Amino acid sequence: MSTAELPVDYEAEAKPDLAEHAVLLLVVSLVALVGNTVATDATVLQGLAGLAVLYVIAMVGLVLTYVVPLKLPSVAWISLVGILVTLPWTPGSAWVLDKVSHVNFLTLATPCLAYAGIAITNREISIAKSSGWKIFIVAVFVMTGTYVGSAIIADLFL
Amino acid sequence: MEKTKDILFDWRLHLSVLVITVIAEAVGVIAVPIGIGSILLLPLLYAFVMGLILNPNVISKMKGWMGQREVRAASPLIVIAIMPFIAKFGTIIGPSMEKIIAAGPALILQELGNLGTILLAFPIAVLLLGMGREAVGATFSVAREPNIAIIADKYGLKSPEGAGVMGVYVIGTLFGTFIFAILASLLATSGWFSIEALAMACGIGSGSMMAACSGALTHAVPAMEEQILALAGASNVLTYATGLYLCIFVALPVTEKLYDLLGRKEPATNNAGE
């Protein structure tokens, strides 16, 4: 595997432009719609309306990522748009909330993890093998550390 | 751009993900009771495992169905597939803004808890496991993409520090969702922390890890779902915004100082991971 196989390469190399993002987002939204229909009691039409609203929010966030010179990841912009349109004092927020209420949040993460499993490269497998058990133990404590550390501080100040 | 078109029209990839999603959602959440609590198995975890099973790099027999082309194509789709999820999370945070502002000080200060990686993992790496400079890269952060960028920028990815951060990144990619789902479900049922605190701690700066973490929490305490998701989501946005700066200005310098104090005095020669 060449160095182009670095796991960060999808950020640097294969960067879809806005139009390609729009189509790819449509594809993953359709997968999410099927998932949502299987996972919840929502009808296909309810799910479709909810995902259409989420699609618009994501696209506005993406456009902001391209337009605003401030360097923030697209997911940060998308969250901000999602927050702004559903603030209690935003006109129409009740309508947005009603539409997206038929989409289960956890179901939306399922296709993402499926892509993630398929995206594991040979290089990543060889890193995991060569780093060995020590790095595995350290990684478990790294994750436990950030989680418990944050929970302790949050508990102190709540 | 021919390359992106490839990604777009790779029907095998999208069809596989569709089938995986349907199977994972049809199975649903399974709770496995163990000693101090129960571990929740979530559809997104099955999806990841099924993705791995279809991956020709993991199971070579899959080469008949998928090749390196699909593996390569799947990478940019990870970020795109998380976008509807992130948008939905925004719509959970918005209506709860008053509660989030009320929790403001705790929410902001718990970002410092991300330094817990150093506190807990650094001594284990250096004192217990005898790791060299890899430990600096491995423990200064939770090793997601922005953190890799910091190490790549400062030391290069072929350095020991680079091997450390890449090692934890890969383990996190492979096992992170499982580890956070287990941590969250165990701690939620143990009663050691308030659920609000555990929810805030789910804001790790990775969409899928936050999904696993907050998903496990909401299944453990369904009555608090709205609150858990709002706090976890807000904390995650905050981590996206502050994580990079906390790492550059605090976490990495602190880890370096600690290494000067506790680390090997002779220059490390073994270049693990290369």
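Trainee: Let's start with Ser194(B). What does Ser194(B) touch, not counting residues up to four places away in sequence?
Mentor: Ser194(B) touches Asp155(A) and Leu158(A), with residues up to four places away in sequence left out. Keep in mind that this is a predicted model.
Trainee: Where is Ser194(B) placed in chain B?
Mentor: Ser194(B) is in the loop between α10 (160-190) and α11 (195-201) of chain B.
Trainee: How far is Ser194(B) from Val17(B)?
Mentor: Their C-alpha atoms are separated by 36 Å, and the two residues are 177 residues apart along the chain.

Trainee: Back to the two chains. How many residues of chain B are in contact with chain A?
Mentor: In chain B, 109 residues are in contact with 93 residues of chain A.
Trainee: Which helix gives the largest share of the side of chain B that touches chain A?
Mentor: Helix α4 (residues 68-93) of chain B gives the largest share, 22 residues.
Trainee: And how many residues of each class are on that side of chain B?
Mentor: The side of chain B that touches chain A has 76 nonpolar, 27 polar and six charged residues.

Trainee: Now helix packing. What describes two packed helices?
Mentor: The angle between their axes and the distance between the axes.
Trainee: So what are the values for helix α2 of chain A and α4(B)?
Mentor: The axes of helix α2 (residues 18-39) of chain A and α4(B) come within 9 Å and cross at roughly 65°. The crossing of α2(A) and α4(B) is right-handed.
Trainee: Which residues make the contact?
Mentor: From α2(A), they are His21(A), Leu24(A), Leu25(A), Val28(A), Ser29(A) and Ala32(A). From α4(B), they are Leu77(B), Ile80(B), Ala81(B), Met83(B) and Pro84(B). By class, the contact of α2(A) with α4(B) has nine nonpolar, two polar and no charged residues.

Trainee: I clicked on Leu106(A). Where is Leu106(A)?
Mentor: Leu106(A) is in helix α6 (residues 105-118) of chain A.
Trainee: Why does Leu106(A) count as buried?
Mentor: Because Leu106(A) has 23 C-beta neighbours inside 10 Å, and 20 or more makes a residue buried.
Trainee: What does Leu106(A) touch, not counting residues up to four places away in sequence?
Mentor: Leu42(B), Leu44(B), Ala211(B) and Gly215(B), with residues up to four places away in sequence left out.
Trainee: Which helix of chain B has Leu44(B) among its buried residues?
Mentor: Helix α3(B) does. In α3(B), ten of its twelve residues are buried, and Pro43(B), Tyr46(B) and Phe48(B) are among them. Helix α3 (residues 43-54) of chain B reaches 16 Å from its first C-alpha to its last, close to the 16 Å expected at 1.5 Å a residue.
Trainee: How does the span of helix α12 of chain B work out?
Mentor: Helix α12 (residues 207-220) of chain B has 14 residues, so at 1.5 Å a residue it should span 20 Å; its end C-alpha atoms are 20 Å apart, which agrees. As for burial, 14 of the 14 residues of α12(B) are buried.

Trainee: New topic. How is chain A divided by the domain assignment?
Mentor: The assignment gives domain 1 (3-119) and domain 2 (125-158). The C-alpha centres of domain 1 of chain A and domain 2 of chain A lie 28 Å apart.

Trainee: What about the phi of Ala143(B)?
Mentor: Ala143(B) has a positive phi of about 60° although it is not a glycine. Ala143(B) is found in the loop between α8 (134-139) and α9 (145-154) of chain B.
Trainee: Is Ala143(B) buried or exposed?
Mentor: Ala143(B) counts as buried, because it has 30 C-beta neighbours inside 10 Å.

Trainee: Last one, Phe122(B). Where does Phe122(B) lie?
Mentor: Phe122(B) lies in helix α7 (residues 116-128) of chain B. Leaving out residues up to four places away in sequence, Phe122(B) touches Ala135(B), Thr139(B), Thr255(B) and Leu258(B).
Trainee: How far apart in space are Phe122(B) and Leu262(B)?
Mentor: They are 9.6 Å apart, C-alpha to C-alpha, and 140 residues apart in sequence.

Key: Residues are numbered from 1 along each chain as its sequence is written. Chains are lettered from A and ligands numbered from 1 in the order in which they are written. This is a predicted model: local features need pLDDT of at least 70, side-chain atom pairs count only at pLDDT 80 or more; totals for chains, interfaces and linings use all residues. Two residues are in contact if their C-beta atoms, placed from the backbone, lie within 7 Å. Helices (H or I, at least four residues) and strands (E, at least two) are DSSP runs, numbered from the N terminus. Ala, Val, Leu, Ile, Met, Phe, Trp, Tyr, Cys and Pro count as nonpolar, Asp, Glu, Lys and Arg as charged, and the others, Gly among them, as polar. Domain bounds come from an automatic or database domain assignment. The expected span of a helix is 1.5 Å times one less than its number of residues. Axes are lines fitted to C-alpha atoms, for helices over the stretch in contact, and angles run from 0 to 180 degrees between N-to-C directions. A crossing is left-handed if the near helix is turned anticlockwise from the far one by less than a right angle, and right-handed if clockwise.
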